[in-house]
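Please look at the sequence and the structure shown here. The paragraphs that follow lead through them step by step.

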Amino acid sequence: MSALRSLLLLLLPLCPGPGPGPGSEAKVTRSCAETRQVLGARGYSLNLIPPALISGEHLRVCPQEYTCCSSETEQRLIRETEATFRGLVEDSGSFLVHTLAARHRKFDDNPDPGGCPSLCAGPGDWKKCGQRSA
């Protein structure tokens, strides 16, 4: 969950606020210095980040108003987000797979011979029951 929180904190500087309107002239001319600093620290090339707000109507994920997000920056953010999401899912899925595998092994070692109680001599003796060929 902290990875998603850090991603949201990364995206906040890309959303400078409302576009042009009464009293918002200062916001339109606002620079992208803060965004450039944050993304530069994360290894982004400063050539990918515009120095001032640009129209984002061509973007799919970043704000489509005035933004500091270019198409290249958006693509890199998408790739990083997908990698983070995959990592989180794999971590959670790995725990589930290991848990199920451990329970499966435990069941194989101590089966309940409910299907053929008279034929199975004890736990693990599945040959007589015809349940296992090995």
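**A guided reading of the model**

Cys32 is buried, with a relative accessible area of 1%. Here, buried means under 20% relative accessible area, exposed means over 50%, and partly exposed lies in between, with a 1.4 Å probe and protein chains only. This is a predicted model, in which local features need pLDDT of at least 70, side-chain atom pairs count only at pLDDT 80 or more, and totals for chains, interfaces and linings use all residues. Residues are numbered from 1 along each chain as its sequence is written, and side-chain values use heavy atoms, with hydrogens and water left out.

The overall plan comes next. The protein chain contains four helices and two strands, and from the N terminus on these elements follow the order α-α-α-β-β-α. Both kinds of element are DSSP runs numbered from the N terminus: helices are H or I runs of at least four residues, and strands are E runs of at least two. Of the 134 residues in the protein chain, 22% are buried. The chain exposes about 9,300 Å², and carbon and sulfur atoms supply 58% of that area; accessible areas come from the Shrake-Rupley method with a 1.4 Å probe, and for residues only the protein chains shown count as cover. Among the contacts in the protein chain with a separation of 6 or more, 38% involve residues 24 or more positions apart, where contact means heavy atoms within 4.5 Å.

Let us return to the cysteines. The structure holds two disulfides. One of them joins Cys32 and Cys68, with the sulfur atoms 2.1 Å apart. This pair links distant parts of the chain: Cys32 lies in the loop between helix 2 (25-28) and helix 3, and Cys68 in the loop between strand 2 (66-67) and helix 4, 36 residues apart. The torsion about the S-S bond of Cys32 and Cys68 is about -90°, and therefore the disulfide is left-handed. Cys68 counts as buried because its relative accessibility is 0%.

Cys62 and Cys69 also form a disulfide, and their sulfur atoms are 2.1 Å apart. The torsion about the S-S bond of Cys62 and Cys69 is about 45°, so this disulfide is right-handed. Cys62 is buried at 6% relative accessibility, and Cys69 is buried at 0%.

Both Cys62 and Cys69 are touched by Glu74, a residue of helix 4. Not counting residues up to four places away in sequence, Glu74 also touches Leu59, Arg60 and Val61.

Thr73 counts as buried because its relative accessible area is 0%. With residues up to four places away in sequence left out, Thr73 touches Leu39, Tyr44, Leu48 and Ile49.

How many salt bridges does a search of the whole structure find? The search finds two. In one, the side chains of Arg42 and Glu80 meet at 3.2 Å, N to O. Arg42 lies in the loop between helix 3 (33-41) and strand 1 (54-55) and Glu80 in helix 4, so the pair ties together parts that are 38 residues apart in sequence. Arg42 is partly exposed, at 42% relative accessibility. A salt bridge also joins the side chains of Glu80 and Arg76, at 3.4 Å, N to O. Glu80 and Arg76 both lie in helix 4, four residues apart, which is about one turn of the helix.

Arg76 belongs to helix 4 (residues 71-109) and is partly exposed, with a relative accessible area of 23%. Leaving aside its neighbours within four places in sequence, Arg76 is in contact with Arg42, Gly43, Tyr44 and Ser45. Arg76 and Tyr44 are 32 residues apart in sequence, and their C-alpha atoms are 8.8 Å apart in space.

Methods
A salt bridge is a side-chain nitrogen of Lys or Arg within 4 Å of a carboxyl oxygen of Asp or Glu. A disulfide is a pair of cysteine sulfur atoms within 2.5 Å.
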